[in-house]
Amino acid sequence: MIWYPYQQMKTMKEPYKIVDAEGVYIYTEDQKLIDSVSSWWSVIHGYRNPKITEAIKNQADKFSHVMLGGLTHDPVQKLSAKLSEWLPGDLDYCFFSDSGSVAVEVALKMALQFYVNRGDMKRTKIMGLTHAYHGDTFKTMEAGDDEDYHFILEVYGENKNAIHIDTNIEALEEAFARYHNELNCFIVEPLLQGAGGMRMYDISFLKRARELCDQYDVLLIFDEVATGFGRTGYRFVSDVVLPDIIVLGKALTGGHIGHAATVANHKVYEGFYSDNPDKALMHGPTFMGNALACSAALASIELFEEGDYLARIKHIEEVTRECLEGFKDPRIKEIRIMGGCACIEVYDSSVLNGYQQFAYERGVFARPFLSYLYSMVPYIIEDDDLVKIYDTMKAWFTENSMP
Ligand SMILES: *Cc1c(COP(=O)(O)O)cnc(C)c1O
């Protein structure tokens, strides 16, 4: 019996069974669907990409996995060298793990221990954003502010280790003034808060955050698990404002196999580098640096570099604006567009009941949640498929009149 994610199993509708997938399409026995959400935002080059598939096959012919405890291998060495060179600034020190949540855990652990290693035991707090999502494990739930996890607060009481602020500069300055010597880090999903409702905010907020982190000696962490690899229109938001630690996941392997990385800058790495074994980072996921995953990630990054992806994403954004901007319905609260992401927020979440099946019948796979109807398309999508996704969204409103 499969226990499905984010589902009340008693009332869950049968999931669609996928029998094949290629390009932007996933196939059930009787329907061909455009995947408008790229399998949780990860399949940026589409399914069964030949280059990534070949890289995985070639590596599987050698070995699929050896642990990184006391061992190393070509794919992980090449990937860390590639990321060090490819990521901005001195984000050079790559710690691998098997999922985004774990990679965020690693970043949070790094931030806390960075100060402990200096003998500063007072910096116990994490600062994050309201509506933040950083993963489903316990510390990431604490750093995040997802309503689905507020039951945890009901059980454990007030969250003493994390504070959350809105994305406005006044709140940011106030929080730093008040908490700065208790904070070890400020963690954000830069520019685009995904699971918290595709909320978009301005780069000036991040620029000010960088200044304040420098002023008060607080580490700045960008959780780019969702925003990395072009989703916002930037390659990484870190290209514009440089964090101390960047977290990558989801699209790292082009969505072909799970893997993630926590990449620290020189300052953070130096905080652990010592003759004293107690100052080491005590972490080691069993499957970190998996050889198949590293090979897939290398191939995915090469595709990204060769394929002029930023121009593609810009084009996707333009087509999206043509299709959605100015579309009006009294049930719609706001339409938000950034890079390869679009979101229609409705006032009342019940308005979206039945949308998934409606889209299925029209050849689109969608997965609205709460009051958000959104797309996060694979970047290889052709214009007619992209337009079809938005036509389907608009048809839901124009064909279903107000009750
Ligand atoms: C999906 C996501 C995570 C968690 O990644 P998993 O691989 O699902 O553990 C963390 N942070 C952000 C911003 C995400 O979107």
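The model is predicted, so local features need pLDDT of at least 70 and side-chain atom pairs count only at pLDDT 80 or more, while totals for chains, interfaces and linings use all residues. Residues are numbered from 1 along each chain as its sequence is written, and side-chain values use heavy atoms, leaving out hydrogens and water.

Begin by colouring domain 1 (20–48 + 309–398) and domain 2 (50–306) separately; these bounds come from an automatic or database domain assignment. Their centres, taken over C-alpha atoms, are 27 Å apart.

Next, select W41, H45 and M338, which supply 28% of the area that domain 1 buries against domain 2, more than any other three residues. The area buried between the two domains is about 2300 Å², where buried area is the accessible area (1.4 Å probe) that two parts lose on being put together, summed over both. Across this interface the rule finds zero salt bridges, a salt bridge being a side-chain nitrogen of Lys or Arg within 4 Å of a carboxyl oxygen of Asp or Glu.

Then move to K333 and E345, whose side chains meet in a salt bridge at 3.5 Å, N to O. K333, at 48% relative accessibility, is partly exposed, whereas E345, at 10%, is buried; buried means under 20% relative accessible area, exposed over 50%, and partly exposed in between (1.4 Å probe, protein chains only).

Finally, select R208 and E211, which form a salt bridge with their closest N and O atoms 2.6 Å apart.
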